[in-house]
There are 2 protein chains.
Amino acid sequence: MSEKDAFDLQNFLPYLLNQAAEESSLAFQKVYRDRYGMLRTEWRVLFHLGLYGRLTAKEIGARSKMHKTKISRAVQRLEERRFLTRDPDEADRRQEYLDLTAQGRMAYRDLHGVAHRYDAALADTLTPEEERILRAALRKLARMG
Amino acid sequence: MSEKDAFDLQNFLPYLLNQAAEESSLAFQKVYRDRYGMLRTEWRVLFHLGLYGRLTAKEIGARSKMHKTKISRAVQRLEERRFLTRDPDEADRRQEYLDLTAQGRMAYRDLHGVAHRYDAALADTLTPEEERILRAALRKLARMG
DNA sequence: CGTTAACGGTTGATTTTGTAACTAACAACA
DNA sequence: TGTTGTTAGTTACAAAATCAACCGTTAACG
């Protein structure tokens, strides 16, 4: 094996990214799970609708890169729990527009606030320079596909 | 809510980390899946054994922070496919030492090389400063739990 | 028009993960 | 010793993700 070469798991960016992603998601996951019984796919859909307003499932897919079956099922559950409503597009009846209900907007505002504060807390463990460069680097890597 | 505040998903570190992690894992996942039919948990176990030699499942758990059921199942599949063998510890018969077979070592060497080169390719999309700070920041975040 | 292809979205079967309860082995200490 | 607690690892069952096939609608084009 390569003798002097110290390449190990802790130096492998996909592994490192994964560990950081999992660790940093945990505390927030607890909030949307315990407060609203949501899954990761569900709060993501909720966030997209909260941030950008009425969207079709397809548009959410384009923005989030989630697979359409995930989105379909997330929308179903959010509808069942009255966080959103569907509004068929009369011009193209294959698709439907999704809107948050009042309850959905409340949940969104609540979780948005939690996320914002949590993000700030995470950023606080870094220096401002680290934070700036980390975000830039992550955006580059995320856009790589 | 804060009007001017442009906090959105793309600024939320857990989300950003997740996107970067998923995107950057894809190409490597394709290799261990297509070449060896492995899952993420399995190449991780393989890597630990390749890097550190004979270990018990518990030791792998301590190093990787994977849950013990994941490790148990990964070990089962790796054993079935003859990538490792189990060697019961006679001094403490609750645990067994795991060793890579010749085939396991070959797969490890192959994947280690792929990972190393892939990591270098990822790092190449970043400036040296970005890379250094990214790795440091990720380690901080990963150790947060 | 009519046929074929593409699209948005859903469903069902299979795989993978998560959670808890379990087994067997060991340790602690009365 | 024997009783109680702990540990390493497995298993069973539920929850979730993945993948391919599917349905109804719209587009493309002969």
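User: In this predicted model, which residue of β3(B) is the bridge partner of Thr85(B)?
Analyst: Strand β2 of chain B covers residues 84-88 and pairs with β3(B) in the antiparallel sense over five bridges. In β3(B), Thr85(B) has as its bridge partner Asp99(B).

User: How many bridges join β1 of chain B to β3 of chain B?
Analyst: β1 of chain B spans residues 55-56, and β3 of chain B spans residues 96-100. Within β3(B), Tyr97(B) is the bridge partner of Thr56(B). The strands β1 and β3 of chain B run antiparallel, and the number of bridges joining them is two.

User: In chain A, what is the bridge partner of Thr56(A) in β3(A)?
Analyst: β1(A) and β3 of chain A, residues 96-100, form an antiparallel pair over two bridges. The partner of Thr56(A) in β3(A) is Tyr97(A).

User: Which strands of chain A stand at the edges of the sheet, and why is one side of each left without a neighbour?
Analyst: The sheet in chain A is open, has three strands in the order β1-β3-β2, and shows antiparallel pairing. Each edge strand has a single partner strand, so one of its sides has no neighbour in the sheet. The edge strands of chain A are β1 (55-56) and β2 (84-88).

User: Which helix of chain A packs on the sheet, and what angle does its direction make with that of β2(A)?
Analyst: The helix is α4 of chain A, residues 68-80. It touches β2 and β3 of chain A. Its direction and that of β2(A) make an angle of about 115 degrees.

User: Is α2(A) roughly parallel or roughly perpendicular to α4(A)?
Analyst: The two helices pack with their axes 9 Å apart, at an angle of about 80 degrees. Angles from 65 to 115 degrees count as roughly perpendicular. That makes the arrangement of α2(A) and α4(A) roughly perpendicular.

User: How many charged residues are in the contact of α2(A) with α4(A)?
Analyst: From α2(A) come Thr41(A), Glu42(A), Val45(A) and Leu46(A), which meet residues of α4(A) including Lys70(A), Ile71(A) and Arg77(A). By class, this contact of α2(A) with α4(A) has six nonpolar residues and one polar, and the number of charged residues is three.

User: What describes the way α6(A) lies relative to α1(B), and what is the handedness of the crossing?
Analyst: Helix α6 of chain A (residues 128-142) packs on helix α1 of chain B (residues 13-36) with axes 8 Å apart and an angle of about 40 degrees. That angle makes α6(A) oblique to α1(B). The crossing of α6(A) and α1(B) is left-handed.

User: How many nonpolar residues are in the contact of α6(A) with α1(B)?
Analyst: Arg135(A), Leu138(A), Leu141(A) and Ala142(A) of α6(A) meet α1(B) residues, among them Leu16(B), Leu17(B) and Glu23(B). The contact of α6(A) with α1(B) contains two polar and two charged residues, and its nonpolar residues number six.

User: Which helix gives the most to the side of chain A that touches chain B?
Analyst: The contact takes 40 residues from chain A and 41 residues from chain B. On the chain A side, α1, α2, α5 and α6 each supply at least two residues. By class, that side has 25 nonpolar, eight polar and seven charged residues. The helix that gives the most, with 13 residues, is α1(A).

User: What feature does UniProt place at residues 10-143 of chain A?
Analyst: Over residues 10-143, chain A is 71% helix and 9% strand, with the end C-alpha atoms 23 Å apart. The UniProt record, an unreviewed entry, names the feature there as "domain: HTH marR-type".

Conventions:
Residues numbered from 1 in each chain as written. Chains lettered and ligands numbered in written order. Predicted model: local features only at pLDDT ≥ 70, side-chain atom pairs only at ≥ 80, totals over all residues. Pairing = 2+ DSSP bridges. Helix = DSSP H or I, 4+ residues; strand = E, 2+ residues; numbered from the N terminus. Contact = placed C-beta atoms within 7 Å. Axes fitted to C-alpha atoms, helices over the stretch in contact; angles between N-to-C directions. Parallel < 35°, antiparallel > 145°, perpendicular 65-115°, else oblique. Left-handed = near helix turned anticlockwise from the far one by under 90°. Nonpolar A, V, L, I, M, F, W, Y, C, P; charged D, E, K, R; others polar. UniProt positions renumbered as here; feature names shortened; annotations may be inferred.
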